[in-house]
Amino acid sequence: MRQEQPSPRHIAIIMDGNGRWAASRGLPRVLGHQAGADAVRRIVEASCELGIETLTLYAFSWENRNRPPDEVRDLMQLLDVFLSRETSTLMSQQIRLRAIGRLEELPVGVWDHLRYVMAQTAPFKRMTLNLALSYGGRQEIVDAARRLCEKVCAGQLRVDQIDEACFAQQLYAPDLCDPDLLVRTSGEQRLSNFLLWQSSYTELYVTSKLWPDFSKADLMEAISEYQRRDRRFGGHTPASSPRSAPSVVLHVTAADGHPC
Ligand code: IPE
Ligand code: IPE
Ligand code: MG
């Protein structure tokens, strides 16, 4: 009999459907985003209770910057409020806050606030809450390529030393394992520029639930479905992902012996 997958170590979520949730109630979009922030609180707590090691939430994409300025302002304000309200919970629950994306593109006050909360929670190890903000998968890959080019130009790295492991070291959070499970709410079946590099062998789970309605029971259903999947990684039999295995230390060195 085929064995069940162990629980996912890293779950990534495309939190979609706030606007439709609001529209279906005749409410302004901002109230959908507010209800979405409540769902974030619930799902962070649930993930912690379920022993998830890393939860990455797609909160604001690179492309979302092109939404109407009022909506972008509302989203940034909600992020700021979330940081103010949730810091004490993150600290009491021993949750480390991290962020990936072109964070310097965030409004300066929000960026400062985010840095402050990340520093406050840096020692915590129970769970990592990783927020994708001003994040785009293609932008992340371009940024990584630029850093590698700089190293080559500076004579710190040879072109023939660039392989997948070396490249992955230049991503925004190279120490996090790839997501085992990627959940998208609201029924859309696309990645929308999320974790393009890291999702190469991630299990995808789409639910029609809109993000503000997504509950702990929905998360548990996604996890159960994941556990029934057969992960083959291109082989014949279920195996473990190299990047999903307990912290593999990459010994990548550059031309001058410095880590890649
Ligand atoms: C997701 O909800 C939140 C963000 C993208 C910031 P949407 O705002 O995309 O909601 P829909 O897709 O319009 O329903
Ligand atoms: C993806 O949702 C981005 C976030 C959830 C932050 P979108 O609503 O922006 O994606 P598309 O436009 O439907 O692809
Ligand atoms: Mg959407």
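Visitor: How many cavities of 30 Å³ or more are there?
Guide: The count is one cavity of 30 Å³ or more. A cavity is a set of points, on a 1 Å grid over the protein atoms alone, where a 1.4 Å probe fits but cannot get out. This is a predicted model: local features need pLDDT of at least 70, side-chain atom pairs count only at pLDDT 80 or more, and totals for chains, interfaces and linings use all residues. Residues are numbered from 1 along each chain as its sequence is written, chains are lettered from A and ligands numbered from 1 in the order in which they are written, and side-chain values use heavy atoms, with hydrogens and water left out.

Visitor: And what volume does the largest cavity have?
Guide: About 100 Å³, where a volume is the space filled by probe spheres set on grid points joined across faces, edges and corners. Its lining has 16 residues, and Asn130, Ala173, Leu176, Leu195 and Gln198 are the closest to its centre. A lining residue has an atom within 4 Å of a point.

Visitor: Which classes of residue are in the lining of the largest cavity?
Guide: Nine are nonpolar, four polar and three charged. Ala, Val, Leu, Ile, Met, Phe, Trp, Tyr, Cys and Pro count as nonpolar, Asp, Glu, Lys and Arg as charged, and the others, Gly among them, as polar.

Visitor: OK, new topic. Where does ligand 2 sit?
Guide: Ligand 2 sits in the second largest pocket, meaning that more than half of its atoms lie within 2 Å of the pocket's grid points. A pocket is an open set of points with protein on both sides within 12 Å along at least five of seven lines.

Visitor: What about ligand 1, which space does that take?
Guide: Ligand 1 takes the second largest pocket. That pocket has a volume of about 730 Å³. It is lined by 31 residues, with Met15, Asn18, Tyr58, Ala59 and Asn64 nearest its centre.

Visitor: Which residues come nearest to ligand 1?
Guide: There are 13 residues around ligand 1, and Asp16, Gly19, Arg20, Arg29 and Arg67 come nearest. To be counted, a residue needs a heavy atom within 4 Å of the ligand. Helix H1 gives the most to this shell, three residues; helices here are DSSP runs of H or I with at least four residues, strands are runs of E with at least two, and both are numbered from the N terminus.

Visitor: What polar contacts does ligand 1 have with Arg29 and Arg67?
Guide: A polar side-chain atom of Arg29 is 2.7 Å from an oxygen atom of ligand 1, and one of Arg67 also lies 2.7 Å from an oxygen atom of this ligand. With a ligand, a polar contact is a pair of N or O atoms within 3.5 Å. The protein covers 86% of the 380 Å² of accessible area that ligand 1 has on its own, by the Shrake-Rupley method with a 1.4 Å probe.

Visitor: Back to ligand 2. Which strand gives the largest share of its shell?
Guide: Strand S2, residues 54–61, with four residues. Around ligand 2 you'll find, among others, Tyr58, Asn64, Arg67 and Ser192.

Visitor: How far is the side chain of Ser192 from an oxygen atom of ligand 2?
Guide: An N or O atom of the Ser192 side chain is 2.6 Å away from that oxygen. For Asn64, the distance from a side-chain N or O atom to an oxygen atom of ligand 2 is 2.9 Å. Arg67 has a polar side-chain atom 3.3 Å from an oxygen atom of ligand 2.

Notes: Polar contact = N/O pair within 3.5 Å; in protein donor to acceptor, adjacent residues only side chain to side chain.
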